[in-house]
Amino acid sequence: MLLKWTSELILKKLTKVISFALSLIVVFTLFSSPSIAVKTSMTGDYTKDTISVVKTLQTAVDTPKDSPNKDEVRSEALTLITDYISRYRNRGMVNKTQSFTTMQTALNAMAGHYKNFASRPLPDKLKERLTKEFSLAEKMVLRES
C-alpha cells in the first residue's frame, strides 16, 4: 500500500515537473527568437513612394520585349506593386484620393497581366494605358500634397 501511494505521488510530481519544463521551453523559444521584419521599399511618405513607384514601373513598362532581364524586371515590379498596395490600401487618408485610385487601377492591370500571362510581354495598348495612368497619378499626387 505504501509503495503504491509513493509511486503515485512520484508520478504526479514528475508529471508536474515535466509540464512546467515544457511550458518554460515553449515560452523561451517563442520570446527569445528574433523577429524577422518584412523588408519593404516603402518609406511611409505617400507622395514620395507614389512618385518612386511610378518611375520604377514606367521603366518596367518601357523594357523591350527581347530584354535579357525581363523576368527580373517582372518579378521586381510585382514585388513593388504588392509593397505599395499593402502599405497604402488600408490607410483612410490615402485610399480615398484620386491619385491612389488611379494608381491602384494601373497596378491591378499591370499585376494582372504579369500573373496571368507570365510569358507574354505587355501589349502595346496596355503599355499606353499604364503610361497615361502613371502620368496622371503622378500629377494628382503632386497636386494633392
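**A walk through an all-helix model**

The accessible surface of the protein comes to about 10,400 Å², and 63% of that area belongs to carbon and sulfur atoms; such areas come from the Shrake-Rupley method with a 1.4 Å probe, and for residues only the protein chains shown count as cover. The model is predicted, so local features need pLDDT of at least 70 and side-chain atom pairs count only at pLDDT 80 or more, while totals for chains, interfaces and linings use all residues. Residues are numbered from 1 along each chain as its sequence is written, and side-chain values use heavy atoms, with hydrogens and water left out.

The secondary structure consists of 6 helices and 0 strands, where helices (H or I, at least four residues) and strands (E, at least two) are DSSP runs numbered from the N terminus. Of the 145 residues in the protein, 32% are buried; buried means under 20% relative accessible area, exposed means over 50%, and partly exposed lies in between, with a 1.4 Å probe and protein chains only. Among contacts (heavy atoms within 4.5 Å) between residues at least 6 apart in sequence, 74% join residues at least 24 apart.

L14, which has its place in helix α1 (residues 2–32), is partly exposed because its relative accessible area is 46%. Together with I18, L22 and I25, L14 forms a nonpolar patch on the surface, with about 380 Å² of accessible area in total. Patches are made of residues with over 30% relative accessible area and no salt bridge, like charges being joined within 9 Å and nonpolar side chains (Val, Leu, Ile, Met, Phe, Trp, Tyr) within 5 Å; a salt bridge is a side-chain nitrogen of Lys or Arg within 4 Å of a carboxyl oxygen of Asp or Glu.

From the surface we turn to the aromatic rings. A search of the whole structure finds 4 aromatic pairs, a pair being rings of Phe, Tyr and Trp (its six-membered ring) with centres within 6.5 Å, whose planes count as stacked under 30 degrees apart, edge-to-face over 60 and tilted for the rest. The rings of Y46 and Y88 have centres 5.2 Å apart and planes at 70°, and therefore this pair is edge-to-face. Because Y46 lies in helix α2 (residues 46–62) and Y88 in helix α3 (residues 70–88), the pair ties together parts that are 42 residues apart in sequence. Y88 also forms a tilted pair with Y84, at 5.3 Å centre to centre and with 55° between the planes; both of these residues lie in helix α3, 4 residues apart, or about one turn of the helix. Y46 is buried at a relative accessible area of 11%, as is Y84 at 0%, and Y46, Y84, Y88 and F100 form one aromatic cluster.

The side chain of S99 makes a polar contact of 2.8 Å with that of Y46 and another of 2.6 Å with that of E144. A polar contact is a pair of N or O atoms within 3.5 Å; within protein, one must be able to donate a hydrogen and the other to accept it, and residues adjacent in sequence count only if both atoms are side-chain atoms.

Finally, V54 is found in helix α2 and is buried, with a relative accessible area of 4%. V54 and E138 are 84 residues apart in sequence, yet 7.0 Å apart in space, C-alpha to C-alpha.
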